[in-house]
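Please keep the sequence and the three-dimensional view at hand while reading.

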Amino acid sequence: MQAFSFSADRESLRGPRIVRVGLIQNSISLPTTAPFLDQRRAIFKKLTPIIDAAGSSGVNVLCLQEAWTMPFAFCTREKKWCEFAEPIDGESTQFLQEFARKYNMVIVSSILERDVYHGETLWNTALIIGNHGNIIGKHRKNHIPRVGDFNESTYYMEGNTGHPVFDTAYGKIAVNICYGRHHPLNWLAFGLNGAEIVFNPSATVGELSEPMWPIEARNAAIANSYFVGSINRVGTEVFPNPFTSGDGKPQHADFGHFYGSSHFSAPDSSCTPSLSRHKDGLLISDMDLNLCRQLKEKWGFRMTARYEVYADLLARYVKHDFEPQVISDPLLYKNA
Ligand SMILES: NC(=O)NCCC(=O)O
């Protein structure tokens, strides 16, 4: 466990709005060859003392990693892993609702969702469980990776829930699930809807994304004047059947190393140190949410954003007959 705090200036007309926020990163518990029910239950067992530690440390809002109930099997393209999908009021939600009630804590739970009301369709979904154990709502991952071994479109579709911000007992929160962090407009949309804390529950591996990891969340926090909580899972998960990456390299049975390194970023460009690259961990930070408005007022990014200019460009860009605004040097092709 590591704990930090972000402060803000004292204001005369508003008291501080200090919230204690927690992030959990963890490896899976049993080999991926174990019966699925045992695997899921073993993760619950492993997380129980960590969630208890968060709750008894006074954490107000806690976020778990992407698809925390299962191994990150999307590299395999095998359909059997769909069995881990659950309805939003399924076993993992019921498990977390107990902690939410016990500790008066909001919990963000990122799962593979099975929508039983829409033909058993699957989604990559983050649920927001309120501090009374109620389900406040859900957000479905907007951007699906098609990079390296991340073959997630085999399992679920692009989200259809927009960019909701959840007004909780402890501030306005949103969830930008994993690969969405590479999309600045995704971050922006949560900001436009008023988010004060955006969580980025992730599952990503060193060779692919580690150089980008410390930059993207910090940049989003600065550009959108909110806090970001970044979480990545830990360890190497080995699967029963080897798979290929479509890159001519030999088949393999693991994704590579999930490098942990969970951390918080703040709108004033500060950030906490990261958790370990190899070990499970709980990162806790106090944050005064007044810092969000203070940074908006200092830098005026919202007021200077010129959204109407970009709205116009984007409206034209999404049409099939879009022509880029390029002015060529008339001398460029003269002698050709
Ligand atoms: N889970 C997921 O979206 N991973 C994609 C890889 C990355 O964005 O680093």
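## Basis of the report

The structure is a predicted model.

## Two packed helices

Two packed helices are described by the angle between their axes and the distance between the axes. Here, helix α1 covers residues 36-56 and helix α2 covers residues 91-103. Their axes lie 11 Å apart and form an angle of about 15°.

Angles under 35 degrees count as roughly parallel. Helices α1 and α2 are therefore roughly parallel to each other. The crossing of α1 and α2 is right-handed.

## A nonpolar patch on the surface

Which residues form the nonpolar patch on the surface? The patch consists of Leu185, Val309, Tyr310, Leu314, Tyr317 and Val318. Together, these residues have about 630 Å² of accessible area. The element that gives the most to the patch is helix α7, residues 307-317, with four residues.

Tyr317 belongs both to the patch and to helix α7. The relative accessible area of Tyr317 is 52%. Since a residue counts as exposed when this value is over 50%, Tyr317 is exposed.

## Ile135 in strand β6

Ile135 is located in strand β6, which covers residues 135-140. Its relative accessibility is 31%. Buried means under 20% and exposed means over 50%, so Ile135 counts as partly exposed.

Ile135 can also be compared in position with Val106, from which it is 29 residues apart along the chain. The C-alpha atoms of Ile135 and Val106 are separated by 9.7 Å.

Methods. Residues numbered from 1 in each chain as written. Predicted model: local features only at pLDDT ≥ 70, side-chain atom pairs only at ≥ 80, totals over all residues. Heavy atoms only, no water. Patch = residues over 30% accessible without salt bridge, like charges linked within 9 Å, V, L, I, M, F, W, Y side chains within 5 Å. Areas by Shrake-Rupley, 256 points an atom, 1.4 Å probe, with all protein chains shown as cover. Salt bridge = Lys/Arg side-chain N within 4 Å of Asp/Glu carboxyl O. Helix = DSSP H or I, 4+ residues; strand = E, 2+ residues; numbered from the N terminus. Buried < 20%, exposed > 50% of the residue type's maximum accessible area, 1.4 Å probe, protein only. Axes fitted to C-alpha atoms, helices over the stretch in contact; angles between N-to-C directions. Parallel < 35°, antiparallel > 145°, perpendicular 65-115°, else oblique. Left-handed = near helix turned anticlockwise from the far one by under 90°.
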